[in-house]
Amino acid sequence: MSGAAPGGADGVPAPVPGEAWTSRLELQDLDDTAALGRVLAKSLRAGDLLILTGGLGAGKTTFTQSLAAGLGVEGQISSPTFVLSRIHRGAGPADLNLVHVDAYRTDAAGFEDLDIAATLRESVTVVEWGRNLAEPALVSESGSWLDLELVAPESEGSGEGDAEIITDFSETEEDARGAARHAVLRGYGPRWSTPPDLRR
């Protein structure tokens with residue numbers, strides 16, 4: 001059971017109000033999704049929090065793998081669905097650590113038990129399905145974070161922010177082919193008062 005409050009008919013939590021800006025990005029395929037991860041990594045630093053939302057086939061794993069590569073993280077990146085969180089170490093002393101969390105199967109108390117706050121300052125933290133759950137636990141209302149929603153092609157037409165929650169996290173044929181999709185990136189707080197440079 002997710003601790004995040006439903007925001008739409010499909011149970012996807014609505015974005016937290018009060019963003020400083022919103023950018024909508026068209027992604028032609030998974031290569032574009034991967035490129036977004038690599039480019040965004042250039043703007044991140046220790047202490048940054050990214051809330052990541054997206055249904056099956058939206059490209060969450062592809063994005064996170066590319067973000068990790070851009071940060072200089074070593075080892076294979078996979079969804080932490082069943083272990084809830086993983087710490088991936090930077091390959092060298094100048095590389096950042098990545099804390100990768102899947103909050104879909106937990107609530108506020110379970111999220112607090114993960115003690116993500118202990119690693120927040122020295123890592124980049126990505127929380128899948130963390131809307132309305134990770135923000136209050138890790139940053140205050142005046143804190144800073146990025147919110148990225150990846151919208152899969154099958155979710156088109158249901159409205160921005162609406163993506164079906166699916167618990168089968170295996171790759172689909174649609175994922176492998178890489179159909180067009182879009183991303184919505186929002187910035188919160190003083191750290192993200194202006195959008196990051198997403199030019200390749």
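This is a short tour of a predicted model, one selection at a time.

**Whole chain.** Start with the protein chain in cartoon view. Its secondary structure comes to six helices and seven strands. From the N terminus on, the elements run β-α-β-α-β-β-α-α-β-α-β-α-β. Of the 200 residues, 49% are buried. Among contacts with a separation of 6 or more, 75% join residues 24 or more positions apart.

**The largest nonpolar core.** Next, select F63, L67, L71, L98 and L148. These residues touch the most other members of the largest nonpolar core, which has 26 residues. Which of them gives the most? That is α2, with four residues.

Zoom in on L71. Leaving aside residues up to four places away in sequence, L71 touches A41, L44, D95, L96, L98 and V124.

Another core, of 16 residues, lies apart from the largest one. To find it, select V99, V127, A134 and W145, which are among its members.

**Two packed helices.** Finally, select α1 and α2. Two packed helices are described by the angle between their axes and the distance between the axes. Here the angle is about 35° and the axes are 7 Å apart. The crossing of α1 and α2 is right-handed. Show side chains at the contact: α1 brings L30, T33, A34, L36, G37, R38, L40 and A41, while α2 brings T62, F63, S66, L67, G70 and L71. By class, eight residues of this contact are nonpolar, five are polar and one is charged.

Conventions
Residues are numbered from 1 along each chain as its sequence is written. This is a predicted model: local features need pLDDT of at least 70, side-chain atom pairs count only at pLDDT 80 or more; totals for chains, interfaces and linings use all residues. Side-chain values use heavy atoms; hydrogens and water are left out. A nonpolar core is a set of buried Ala, Val, Leu, Ile, Met, Phe, Trp, Tyr and Cys residues joined through side-chain atoms within 4.5 Å. Buried means under 20% relative accessible area, exposed over 50%, partly exposed in between (1.4 Å probe, protein chains only). Helices (H or I, at least four residues) and strands (E, at least two) are DSSP runs, numbered from the N terminus. Contact means heavy atoms within 4.5 Å. Axes are lines fitted to C-alpha atoms, for helices over the stretch in contact, and angles run from 0 to 180 degrees between N-to-C directions. A crossing is left-handed if the near helix is turned anticlockwise from the far one by less than a right angle, and right-handed if clockwise. Ala, Val, Leu, Ile, Met, Phe, Trp, Tyr, Cys and Pro count as nonpolar, Asp, Glu, Lys and Arg as charged, and the others, Gly among them, as polar.
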